[in-house]
Amino acid sequence: MKPLILVTNDDGIESPGLAAAVEVAIALGEVIVAAPIDQQTSTGRGYAKTPTTGRIFRHDRFKAREVLGAFGIEGTPATAVSHALLELVPRRPDLCISGINYGENVGLSIAASGTVGAALEADTYDVPSMAISLECPVAEQKSSEFSSKTWGASVDIGRRIAQRLLKEGLPKRIAVWNVNIPSDATESTAIHFVKQSRLNYFEFLVPKRSSLAEPVRLHAEIRLPKPLNDPGTDIEALVVRRVVSICELTWDQSSLARTGPF
């Protein structure tokens, strides 16, 4: 039996990056596509509710014979993954691929990532998962007007990583492989395992408004120390070495520094 792969994202069902992830998946098995109907960047693993949350619509965008079904789902990426695994898949998938995201997910920004959140959600159903993101200018990362990208290298890299994940599975206690691809990567760009950086990759700017009652959207810039002394991390791999990084994420966010009575 061919592997069954769930493909999702946080940029929405119309994202070209989602189509690239489907291209990764159809080379490896049968595919179910289930993604938010609209842009859901930076929703993390949230379950925001609206009067229409949970509505599911069949989508005819993907015509490959390997695609068993494609669905747009009202809700966050994590919500979409849960509906897919509870209602849409014919059996438990062998792999979930979340992406390919418009914008890198590294350092402390990982916690806000809907791409990573969707992959983590799949892990709660014991589905091995990978989140895959392509470095993009900040202005492109929350847009529904998707800029043109050349996806060939990302598809090749994603396919090789997904193939290894299908073959070997995730190491014990690892929840997700978080993959980040530099914008100038080629098929021959090196792939390195890294640790998550403790740096805040994105920094919000002070909003400009005339009244606190005026609605605003926080805008972010990439602000990193110069020189960057952050060896072996996802940020250093992206910014300095320009290699593809795989960061093995776990659920354990507790500190072992103290145990025992207060």
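How many aromatic pairs does the count come to? Four. Keep that number in mind; the model is predicted.

**Stop 1: Tyr102 and Trp151.** Select both side chains. The ring centres are 5.5 Å apart and the planes stand at 70 degrees. Planes over 60 degrees apart count as edge-to-face, so this pair is edge-to-face. Now colour by element. Tyr102 sits in strand β5, residues 95-102. Trp151 lies in the loop between β6 (129-134) and α4. Buried or exposed? Tyr102 and Trp151 are both buried.

Stop 2: Ring pairs join Phe146 with Tyr102 and Trp151 in a cluster.

**Stop 3: Trp177 and Phe193.** Move to strands β7 (residues 176-181) and β8 (residues 191-194). Trp177 is in β7 and Phe193 in β8, 16 residues apart. This aromatic pair is edge-to-face, with 5.5 Å centre to centre and 70 degrees between the planes. Trp177 is buried, at 3% relative accessible area. Phe193 has 43% relative accessibility and counts as partly exposed.

**Stop 4: helices α1 and α4.** Select residues 16-26 for α1 and 152-168 for α4. Their axes come within 9 Å and cross at roughly 45 degrees. That angle makes α1 oblique to α4. The crossing is right-handed. Which residues make the contact? From α1, pick Ala20, Glu23 and Val24. From α4, pick Val155, Gly158, Arg159 and Ala162. Colour the contact by residue class: four are nonpolar, one is polar and two are charged.

Notes
Residues numbered from 1 in each chain as written. Predicted model: local features only at pLDDT ≥ 70, side-chain atom pairs only at ≥ 80, totals over all residues. Heavy atoms only, no water. Axes fitted to C-alpha atoms, helices over the stretch in contact; angles between N-to-C directions. Helix = DSSP H or I, 4+ residues; strand = E, 2+ residues; numbered from the N terminus. Parallel < 35°, antiparallel > 145°, perpendicular 65-115°, else oblique. Left-handed = near helix turned anticlockwise from the far one by under 90°. Contact = heavy atoms within 4.5 Å. Nonpolar A, V, L, I, M, F, W, Y, C, P; charged D, E, K, R; others polar. Phe/Tyr/Trp six-rings, centres within 6.5 Å; stacked < 30°, edge-to-face > 60°. Buried < 20%, exposed > 50% of the residue type's maximum accessible area, 1.4 Å probe, protein only.
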